[in-house]
Amino acid sequence: MKIHILRWLAGALLACVALFAQAQLSIEITGAGNQRLPVAVADFAGERVVAHALTSVVRADLERSGLFQIVDTSGAVLDESAVPNYSDWKARGADALAAGSVSVMPDGRYETRFRLHDTQKQAAIAGQGLAHNATQIRATAHRVADIIYEKLTGERGIFSTRIAYVMKSTGRYELQIADADGNGAQVALASREPIISPTWSPDGSRLAYVSFEAKKPVVYVHDLATGRRHVAANFKGSNSAPAWSPDGTRLAVVLTKNGNSQLYVVNVDGSGVTRLASSSGIDTEPQFSPDGEFIYFTSDRGGSPQIYRQPVAGGPAQRVTFEGSYNVTPRLSPDGKSLAFVTRDSGRFRVAVMGLATRQTQILTDTAKDESPSFAPNGRMILFATEVGGRGVLAAVSIDGRVKHRLSVQAADVREPAWGPFSK
Amino acid sequence: MRKSLALSSSLLTLAALVTLAGCSSQPAAPEQAGAGVEDRTPGAISATAPVMSGQGDPYAIAALKDPKSPLFKRSVYFDYDSLVVKDEFKSLLDHHAKFLVRNDQMKMLIQGHADERGSREYNLALGQKRAEAVKKALMLLGAKEAQLESVSLGEEKPACMEQAESCWAQNRRGDMLYTGEF
């Protein structure tokens, strides 16, 4: 066993090296909101020391959100202490303007300072200084974009978050972690056998997933900082579909130790297994509601796969989806008010979202093989897997269905996405 | 006398070597080999796998590797949305149940599969139902529960990759693997 793990680790290291060369996820924007706020991001003074890598990332982040239209700055350089010519920027069409600087500090690290201006109010509305080193330029740019996004929209930005997904090339499966824009991918686990259902712990430090390396599905919990992992569920039969409790201490899992797939809860260390629900058919794909009170899951107890919910403390299950004969993979929005899921309609599998108060359902995509929806931590976007041109890709769609982008890689299938929590 | 003993022992060694070679040239299991489903041609004999055993007792362990033995076949196929073990597979399951009764030290891993359409986790549960149906049939025929483990590989290990019903049908199956094969 130990040797096996070492071999995987060695494989993972090798893969890391190769990854940056050939398997970079590329991003393509395929839809934008219809009312976008025009924002100008001037080049930051002194930014040449970081090869202008900073403001280009800020602009790309804001543009990808679909909520902003990036105003051309024609190479204008503006530092954070300058008072901009507001009427000039307003004439260029910018409602907001970001300006800043990058400087080298005495200890060799960098300091990025910026200020956000409202050209209508003719005033600075936000500003911050961020110390960082040379390897944190993109991370710093994402922080700057998050601050701008939050100031202008009133909700937290997700540019500094990470995503997990599985990349499959011939005979090889890699569990990878990348920035939300697909950059900086790292391999957490490489295996010859499938890996599915990765899911982030609420604090973002660990992933639970299902690996088939033992010729059967087994649930693991993997610490990302140390690379250490442990078995969380390996009972007789299949072990799958892990879901973290909101406090991060327990996992809902699907076990088949008594026959068909049924819902259980275990402590994260694998101890204390208890039954959560029971039916004579399939119960699977559990997810806790954000308040921890309900478990949502897929069940065929009514004859076709539909979404149900049941109080964690016990009580009868209630059916949640009624339209159509195939509704699976329930995923609650972070505020607990809406439910994303996959619905089949005329043989097409698409991501839909339902308001839990109104029970109104909207289909968000026009693709045909959507799977594994996953909410961004601010609830604005849903990341999912689909197929384009016979290849597995990741796609993101806003909860109103307007903003769309796609993450893909040459010569490999990407699947099983999971959007991580806000970084600390 | 001495010479003939030496000869027979070297013959034995040779036989053992040939048997071993035969073993290692067998795929561990139809689907572990990646591409393959089993050869469904009745009585097909692999040219590289000499038949060395299984001539006497049809339920000897060596029969598992004998392409002539019914035990060589390991897959049960299901209709769409059905868990009924079709008549055409009943004698196959009967042979495997008899083998398990005869060799109660042997264990079997039953891997259920599903076609690729829809959710991976739901397909894992569908594959589990198929594995469970095979397990129950074997138990009714006398195999002990302690010998059997039913698991699912869901849609993760398709025998066939095209998007057509003929292909999906090959992926709706249960595969039987014995001790040493998983």
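**Figure 1. Where chain A meets chain B.** In this predicted model, 37 residues of chain A are in contact with 30 residues of chain B, contact meaning heavy atoms within 4.5 Å. Together the two chains bury about 2600 Å², with 53% of it on carbon and sulfur atoms; buried area is the accessible area (1.4 Å probe) that two parts lose on being put together, summed over both. Six salt bridges are counted between chain A and chain B, a salt bridge being a side-chain nitrogen of Lys or Arg within 4 Å of a carboxyl oxygen of Asp or Glu. Strands that each supply at least two residues to the side of chain A touching chain B include β10 (195–200) and β30 (413–419) of chain A. Helices (H or I, at least four residues) and strands (E, at least two) are DSSP runs, numbered from the N terminus.

Some notes on reading these views: residues are numbered from 1 along each chain as its sequence is written, while chains are lettered from A and ligands numbered from 1 in the order in which they are written. Local features need pLDDT of at least 70, side-chain atom pairs count only at pLDDT 80 or more, and totals for chains, interfaces and linings use all residues; side-chain values use heavy atoms, with hydrogens and water left out.

Figure 2. Look for Glu193(A) and Lys157(B), whose side chains meet at 2.7 Å, N to O. Lys369(A) and Glu116(B) form another salt bridge, at 3.1 Å, N to O. Here Lys369(A) lies in the loop between β25 (361–363) and β26 (371–375) of chain A, and Glu116(B) in the loop between β2 (108–113) and α3 (120–140) of chain B. Lys369(A) is partly exposed, at 25% relative accessible area, and Glu116(B) is partly exposed too, at 27%. Buried means under 20% relative accessible area, exposed over 50%, and partly exposed in between (1.4 Å probe, protein chains only). A network of salt bridges links Glu371(A), Glu416(A), Arg120(B), Glu155(B) and Glu156(B).

Figure 3. Asp61(A) and Arg64(A) form a salt bridge, with their closest N and O atoms 3.2 Å apart. The two are separated by about one helical turn because they stand three residues apart in helix α2 (residues 53–64) of chain A. Both Asp61(A) and Arg64(A) are buried.

**Figure 4. The disulfide of chain B.** Cys160(B) is joined to Cys167(B), S to S 2.0 Å; a disulfide is a pair of cysteine sulfur atoms within 2.5 Å. The link between Cys160(B) and Cys167(B) is left-handed, with -125° about the S-S bond. Cys160(B) and Cys167(B) are both buried.
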